[in-house]
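Have the structure open while you read.

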Number of protein chains: 2
Amino acid sequence: MPTISTKGKNMPESPIRKLVPYAEAAKKRGVKVYHLNIGQPDIKTPEVALDAIHNYKEKVVQYSHSAGNLSYREKLTNYYETKNIHINPEEIIVTAGASEAILFAIQSIMDPGDEIIIPEPFYANYNGFAINSGVTVRPIKSDIEGSFALPPIAEFEKAVNPKTRAIMVCNPNNPTGYLYSEDELSILSQIALKHDLYLIADEVYREFVYDGNTHHSVMNLKGLEQHSILIDSVSKRYSACGFRIGCLISKNKEVMATAMKFAQARLSPPSFGQVASEAALETPQSYFTEVLDEYLERRNTVVEMINEISGAFCPNPKGAFYVVARLPIDDSDKFCQWLLEDFQFEKQTVMLAPASGFYSTAGSGKDEVRISYVLKVEDLKSSVNVLKEALKVYPGRTN
Amino acid sequence: MPTISTKGKNMPESPIRKLVPYAEAAKKRGVKVYHLNIGQPDIKTPEVALDAIHNYKEKVVQYSHSAGNLSYREKLTNYYETKNIHINPEEIIVTAGASEAILFAIQSIMDPGDEIIIPEPFYANYNGFAINSGVTVRPIKSDIEGSFALPPIAEFEKAVNPKTRAIMVCNPNNPTGYLYSEDELSILSQIALKHDLYLIADEVYREFVYDGNTHHSVMNLKGLEQHSILIDSVSKRYSACGFRIGCLISKNKEVMATAMKFAQARLSPPSFGQVASEAALETPQSYFTEVLDEYLERRNTVVEMINEISGAFCPNPKGAFYVVARLPIDDSDKFCQWLLEDFQFEKQTVMLAPASGFYSTAGSGKDEVRISYVLKVEDLKSSVNVLKEALKVYPGRTN
C-alpha cells in the first residue's frame with residue numbers, strides 16, 4: 001500500500017464534526033437534537049442577493065479574474081468605507097471563503113518551521129491551516145475568568161522567537177465572542193512593530209457587536225499598514241455560508257503580489273457567489289438591525305440561563321454569536337458525546353462543541369463548551385433547559 | 001518590513017497571465033487581439049444548469065457537507081457509470097474546481113521533500129501546487145516529434161527514487177492534447193505497482209476525444225484500485241469554469257479519510273456551483289455531440305493551417321482543445337510578447353501561451369507555443385493567418 005503523508009496524519013479532525021455520527025444515531029432513536037454546535041446561522045440570506053442569482057444573465061459561466069470581479073472589488077471598497085476602512089480594489093483578493101484567505105495569508109508570509117502566535121481558545125481550523133502549511137501555532141492562553149480578554153503583553157513577549165512571523169486574532173472572536181478593544185489592538189500593534197511581525201485579523205463577525213460597542217479593525221492601526229492583513233467573509237454577515245466568498249486585504253504590495261500567485265494557481269473564486277455577494281452589498285440597514293436585535297436577545301437568553309445553572313459560568317461576550325461556558329464536568333469531549341449517546345430529557349437533547357478542540361495546549365478546555373446561539377430564542381431556551389437537566393444526572397459531574 | 005515566504009517567492013507567475021498587460025495595451029491602441037492563450041471556452045453553459053440557478057429555492061444559503069451534497073455525489077456516480085467508472089458516493093469529495101482536488105491529493109499523500117513524476121510539458125499550475133506543498137516535480141520529457149506520447153518506461157525508472165510518491169498525468173493532456181492509450185496507461189500502472197506509487201490522473205477533458213478514439217480512465221486499471229486517484233472538474237465538460245466545482249475520487253479509504261480532513265478544514269465547496277453541477281448532469285447528449293463537432297472542426301482548422309506555415313509543425317492530437325506547435329522562433333516568451341507589443345496585421349494580432357511555462361526543465365519549449373482552440377472557426381482562421389504573417393517579419397525567426 002502506498003503511504004499517507006505525515007501532514008495528512010497530523011491534520012486534526014474537526015472537533016465539531018466528530019460528534020455527528022452520535023447525533024445521527026440519537027435522531028434515529030427519535031430524539032430531537034438541538035444543534036448549538038455549529039456556526040451555521042438560521043437567519044435568511046438577504047433577498048437582494050438571492051434575486052441576483054435568480055436573474056443571473058450570463059450564458060457562459062466563465063472564470064472570473066483571479067482576484068475576483070473588479071466590479072465586486074470596487075463596490076466592496078465602498079462597503080469598507082462605511083466601516084472606516086480605506087482601501088482600493090488592488091488591495092483585495094476575493095477568495096473561496098475566509099478559509100482560502102487564511103491559507104493564502106499563511107502561505108505568502110510563512111514557510112514550514114515558522115511560527116504564528118494565536119491567543120487560545122481559537123477557531124479550530126486555524127490549526128488545520130497551520131499544519132497544512134508546516135507552520136507551528138504558539139498559543140497564548142486567554143482565561144474564562146477574564147472573559148477571554150487579550151493575554152498580558154508579557155505573554156506575547158515570551159512567545160516571540162526568531163521563527164515568529166505573525167500574530168493572529170479573530171475579532172470578534174470565535175469561539176469566545178470576545179471583542180478586542182482599541183487599547184488591546186494598540187498593544188498587538190506595538191508587539192507587531194517591535195518584532196516586525198504581521199498582524200492577521202479575522203474579522204468575519206464584524207457586524208455582530210452588542211451593547212453599543214464599536215468594532216476596531218486591524219486596518220485602522222496607524223503605522224501598521226505594512227504589517228496588517230485582514231481576513232473577511234460574507235458567510236456570517238449575510239448568512240451566506242454556502243456562497244464560499246471571502247477576501248484577503250492588505251496594503252502591503254509584496255504580500256498582495258505573492259498571494260496573487262497562489263490565487264492565480266487556483267484560477268478564480270466562485271462566479272455565482274461573487275454575483276450574489278456583489279448584490280448583497282445593497283442589503284438594507286434594516287436587515288442588519290433586525291438580525292442584531294435577534295442575536296442580542298439570543299445572547300442574553302443563553303448567558304442568563306447558563307449562569308443560573310448551579311456550577312456553571314458563562315461570560316457575557318460583546319460580539320459574534322458564540323459563548324464559551326464553563327460547566328461542572330470532568331471532560332467536555334465525554335460530556336458532549338454522552339449528551340448524544342446516553343441522555344435525553346422529554347425526547348430532546350443538545351449538541352455542543354467541546355472547547356478542547358479550540359485549544360492547542362493539550363488538556364485545556366476540558367470543562368468548557370462552545371455554544372453557538374444560532375437558534376431562535378424559544379429553541380435556545382429549550383436547549384439550555386435540556387443542558388441543565390443533563391448536568392443534574394451526568395455521571396462525570398465535578399461539583 | 002516583515003518578510004515574504006520563500007515558498008511565496010518561488011511560486012511561479014502564470015505563464016499565460018504575465019502577457020495580459022501587453023494584450024491590454026494592444027487593445028488600447030485599437031488592435032484586435034485573438035485570445036488563443038486561455039482554456040476558457042466560448043461554448044454556452046447548458047441551459048439546464050443555468051435554469052437550476054434561476055430557480056434556486058433555498059432561503060438560507062448554507063454550508064454543504066464538506067464532501068459535497070450527497071444528492072450530487074449520488075447522481076455523479078450515475079454519470080461515471082456511463083463512462084464505465086464504478087464508484088460510490090463515499091469515494092467522491094466535491095472540491096472548488098480540479099485545482100482544490102489536486103491540492104487535496106498532493107497534501108494527503110506527500111510531505112515537503114517528496115517527489116512526483118510528471119511527463120512534461122504539463123499544465124503549468126501543477127508546478128504551483130507542488131511548490132505550495134514543498135513537493136519536487138521530477139519531469140520526464142515527452143517530445144513533439146512523437147506527438148507527446150508517453151515517454152519510454154526506462155525514463156520513468158530512471159526518475160524513481162526513495163522520495164518518489166506519485167506519478168501524475170493529464171489525460172487528455174493540457175497543453176498537448178495527447179490522449180493516452182490503454183497500453184500507455186497499463187505501463188504507468190505497472191510502474192506504480194512496482195514502486196508502490198500513486199497514479200494521479202487529471203481527466204477534466206474526458207469528454208473531448210476525437211477521431212473515434214476512446215478515453216481510458218485511471219479508475220479502470222485493474223489491480224491499481226488502492227493506488228489510483230482521479231481528478232475531475234465540470235469546468236470544461238459543461239463550459240462552466242466559473243462554477244468552481246470539481247472532485248477528487250479514489251477507492252483508497254485512507255486517502256479519502258485524509259483528504260476529508262483537508263476538506264473539513266475549508267468547510268465546504270460552493271453551494272450554487274453544486275446545484276448547477278447537479279442539474280448539469282441532465283444535459284442532453286445532443287449538447288455534447290454539437291460541442292464535439294465544433295471542437296473537431298476547430299482542431300482540424302488549426303492543425304492544418306499551422307502545418308501549412310513554412311517552418312512550423314503541429315501534431316494532430318486526439319483530445320482536449322489545445323495543441324502545442326513548434327514555430328521557427330528563437331524564444332517563445334519573446335515572440336508572444338512581440339506579437340502583442342510590436343506587431344499587427346490589418347489591426348489584428350494574436351495572444352498565445354509560450355510553451356516554456358509548461359516545462360519545468362529550464363530552456364525547454366523555447367520554440368513552442370500552446371494554442372487553445374476555444375474560438376469559432378472563422379476567428380481561428382483569422383488568428384492563424386495573423387500568426388503566419390507575423391512569422392514572416394518576426395526579427396527572431398530562426399529558419
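1. Between domain 1 and domain 2 of chain A there are 14 residue pairs in polar contact, both partners at pLDDT 80 or more; keep in mind that this is a predicted model. The same interface also holds three salt bridges. Lys318(A) and Asp211(A) make a salt bridge through their side chains, at 3.3 Å from N to O.

2. On the domain 1 side, the elements giving two or more residues are α1 (6–10), α11 (285–308), β9 (322–326) and β12 (368–372) of chain A. α11(A) puts in the most, seven residues. By class, that side has 23 nonpolar, eight polar and seven charged residues.

3. As for the bounds, domain 1 of chain A is assigned as 6–44 + 286–393 and domain 2 as 60–280. Their centres, taken over C-alpha atoms, lie 25 Å apart. The contact draws 38 residues from domain 1 and 36 residues from domain 2.

4. The two domains of chain A bury about 3,100 Å² between them, with 62% from carbon and sulfur atoms. Lys318(A), Phe358(A) and Tyr359(A) lose the most area on the domain 1 side, together 19% of what that side buries.

5. Now the chain pair: chain B and chain A bury about 6,300 Å², 56% of it from carbon and sulfur atoms, and each chain brings 74 residues to the contact. Zero salt bridges turn up across this interface, but 44 residue pairs are in polar contact, both at pLDDT 80 or more. α9(B) supplies the largest share of chain B's side, seven residues. That side comprises 30 nonpolar, 28 polar and 16 charged residues.

Definitions and conventions:
Residues are numbered from 1 along each chain as its sequence is written. Chains are lettered from A and ligands numbered from 1 in the order in which they are written. This is a predicted model: local features need pLDDT of at least 70, side-chain atom pairs count only at pLDDT 80 or more; totals for chains, interfaces and linings use all residues. Side-chain values use heavy atoms; hydrogens and water are left out. Contact means heavy atoms within 4.5 Å. Buried area is the accessible area (1.4 Å probe) that two parts lose on being put together, summed over both. A salt bridge is a side-chain nitrogen of Lys or Arg within 4 Å of a carboxyl oxygen of Asp or Glu. A polar contact is a pair of N or O atoms within 3.5 Å; within protein, one must be able to donate a hydrogen and the other to accept it, and residues adjacent in sequence count only if both atoms are side-chain atoms. Helices (H or I, at least four residues) and strands (E, at least two) are DSSP runs, numbered from the N terminus. Ala, Val, Leu, Ile, Met, Phe, Trp, Tyr, Cys and Pro count as nonpolar, Asp, Glu, Lys and Arg as charged, and the others, Gly among them, as polar. Domain bounds come from an automatic or database domain assignment.
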